[in-house]
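These are my notebook entries on one protein chain. I record what I looked up, entry by entry.

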Amino acid sequence: MNADLSKRIKEIALELVAQKSIVETDDEVTMTEKVYEIMGRMDYFKKHPEKLYYVPVKNDRWNRKIVVAIVNGEKAPSKKTVVFIGHTDTVGISDYGNLSEYATKPEVLAEKLKEVNLKQEVLDDMASGKYLFGRGIFDMKSGDANIMAIMEMISADVENFEGNIIFAAVCDEEGNSSGMLAFVPELIRLRKECGYDYQAVLDPDYIAPAYAGDPNIYQYIGTVGKLMPTFFVVGKETHVGESFSGLDPNQVAAEITRRLNLNPEFSDVVEGEVTLPPITLKQRDLKTEYSVQTAKSTILFFNYATHCSTPSQVMDKMVKAAQECFEEVVKTLNERYEKFCHMSSRDYVALPWKARTMSYHDLYTAVKKEIGDKLDDMVAEVVKEVVADERYDSRDKTLKVVEYVHSLWSDKDPVVIVYLTPPYYPHIYVEGSRDNEKALLEAVNYAVSTTKCDYSLVQKKFLPCISDLSYASAPKEKEALDALKQNMPGFGEIYDLPLEDMQALDLPVADIGSYGKDAHQFTERVETVYSYEVLPEILYKTTMELLK
Ligand SMILES: [Zn+2]
């Protein structure tokens with residue numbers, strides 16, 4: 001690719017990095033304005049200022065916004081459009097310790113890092129002269145710079161460009177994706193108003209080695225999804241002096257963890273690509289004080305990655321697994337109690353526990369049967385209260401609703417309630433069975449195979465980390481999303497997604513991004529030869545192929 005473009009990408013990347021933009025701070029807004037300023041310097045946007053504008057994030061504490069920039073080719077009329085997204089926020093800088101003031105100054109940082117103890121690999125990379133260090137330089141301001149420089153180049157010669165490019169520089173990717181979620185309805189609006197025919201969403205977010213010593217650089221066509229199946233375990237409290245009279249919810253929770261945690265039985269496998277198995281993100285009983293009374297209830301939830309499982313399928317699998325775990329606990333308790341009775345010369349009578357597991361939706365239905373339709377209003381009221389309560393995050397808010405609904409039930413016996421904790425990221429599988437999927441796969445394949453370089457470039461189907469790309473689509477099966485809405489308490493209030501818009505977009509996605517290492521660590525660094533010389537060529541060719 002031409003040397004001027006590479007130089008320009010580096011320039012823009014450094015300009016973006018110089019502006020601190022830690023997620024959920026006011027700096028995110030300044031950052032967005034910086035992107036607007038850089039784009040605004042381009043002749044094309046000076047001539048067409050209406051094609052560069054902000055879209056605000058709704059009800060946002062920091063008043064964040066995204067920048068949308070549109071280039072319309074003038075060579076021949078075409079509705080074909082490639083959508084680019086790039087996030088402009090970064091994670092914090094506390095990991096830099098006493099070097100944090102240099103986190104946004106790659107040149108000084110490189111010098112200062114020489115005074116720190118570093119792994120051999122980092123030292124080698126440093127000595128190679130190919131790497132730049134700094135917060136956000138890899139995740140993902142070098143990716144943003146690629147899009148911006150390519151748009152600058154294309155827009156400077158717009159008479160010879162056919163098709164359209166829409167770029168959104170989005171905020172809050174490292175947080176709750178509120179930037180992307182503001183962009184999705186904007187894409188729908190633009191399509192209605194201008195008739196754009198979207199081909200795909202491309203996101204040049206960072207690409208890391210998949211394992212230590214991995215020689216490949218990946219292009220991911222599609223993305224992993226994520227759900228958080230949650231178990232609200234109601235046991236039976238007791239005094240520790242009569243411990244066999246209770247049912248310890250921690251024991252049921254422990255059994256569920258033993259069964260699910262990092263168990264590949266729950267991995268999704270698609271085209272040989274395997275999701276990481278579930279892992280707990282929280283496990284805790286809900287007793288607030290110390291006492292010799294055992295806990296009444298426990299909560300645990302898992303990060304659950306998906307390549308093909310829908311929310312309804314994950315719910316089914318989790319209800320089944322929890323039921324088996326609960327049965328196992330009842331069996332174990334009886335064996336232990338029998339042994340204990342034998343040792344202490346008492347008569348053994350089987351414990352009264354019955355294993356049972358239900359979805360939140362089933363709980364809701366059971367309570368509604370008792371209380372009637374006014375349950376809907378009562379729950380809506382509680383949802384309103386917890387939404388306003390700043391002590392809780394959306395995960396705790398959801399739990400509060402589950403606790404409330406369960407408290408209304410006349411049945412106080414032990415039970416496991418399975419529900420979904422926010423957030424939800426749909427996976428996007430670009431199978432190649434539809435025209436737009438095939439076109440994207442072919443475009444990337446063409447771009448990669450015709451780009452000469454010394455790197456081993458490998459295409460995969462699922463970006464392994466969750467990202468904004470998930471929101472370019474949503475499952476079309478009604479029952480898949482019904483299961484989500486019915487089992488994520490307060491959905492639409494505590495946590496919301498523009499599901500209908502996502503379904504309507506229904507776009508294939510790809511992450512073709514800059515290469516580097518150690519994102520989210522103080523040794524975050526971008527490899528500049530690939531990221532500034534090879535990547536722009538791949539991105540440019542992919543775009544041109546899609547618009548052909
Ligand atoms: Zn990122």
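How far apart do the C-alpha centres of domain 1 and domain 2 lie? I found that they lie 40 Å apart.

**Entry 1: the model.** I note that this is a predicted model, in which local features need pLDDT of at least 70, side-chain atom pairs count only at pLDDT 80 or more, and totals for chains, interfaces and linings use all residues. Residues are numbered from 1 along each chain as its sequence is written.

**Entry 2: the domains.** I looked up the domain assignment, whose bounds come from an automatic or database source. Domain 1 covers 3-224 + 428-473 + 508-543, and domain 2 covers 226-420. Six residues from domain 1 and nine residues from domain 2 take part in the contact; two residues are in contact if their C-beta atoms, placed from the backbone, lie within 7 Å.

**Entry 3: the six-stranded sheet.** Helices (H or I, at least four residues) and strands (E, at least two) are DSSP runs, numbered from the N terminus. I traced an open sheet with mixed pairing in the order E1-E2-E5-E3-E6-E19; two strands pair if DSSP finds at least two bridges between them. Strands E1 (52-56) and E19 (509-510) are the edge strands, each pairing on one side only. Strand E2 (residues 65-72) runs antiparallel to strand E5 (residues 164-170), and six bridges join them. In this pair, Val71 stands opposite Ile165 of E5. Helix H16 (residues 528-547) packs on the sheet and touches E3 (80-87), E5 and E6.

**Entry 4: the three-stranded sheet.** A further open sheet has the order E4-E21-E20 with antiparallel pairing. Strands E4 (131-133) and E20 (516-517) each have a single partner strand, so one side of each is left without a neighbour in the sheet. Three bridges join E4 to E21 (residues 525-527), and Tyr131 stands opposite Glu527 in E21. H16 packs on this sheet too, touching E4, E20 and E21.

**Entry 5: the core.** A nonpolar core is a set of buried Ala, Val, Leu, Ile, Met, Phe, Trp, Tyr and Cys residues joined through C-beta atoms within 7 Å; buried means that 20 or more other C-beta atoms lie within 10 Å of the residue's own. The largest nonpolar core has 151 residues, and Ala168, Ala322 and Val418 have the most contacts inside it. Helix H9 (residues 311-343) gives the most to this core, with 10 residues. Why does this core lie between domain 1 and domain 2? Both domains give residues to the core, so it lies between them. Leaving aside neighbours within four places in sequence, I list among the contacts of Val418 the residues Pro229, Met315 and Ala322.

Methods:
Axes are lines fitted to C-alpha atoms, for helices over the stretch in contact, and angles run from 0 to 180 degrees between N-to-C directions. A residue is buried if 20 or more other C-beta atoms lie within 10 Å of its own, exposed if 12 or fewer, and partly exposed in between; C-beta atoms are placed from the backbone.
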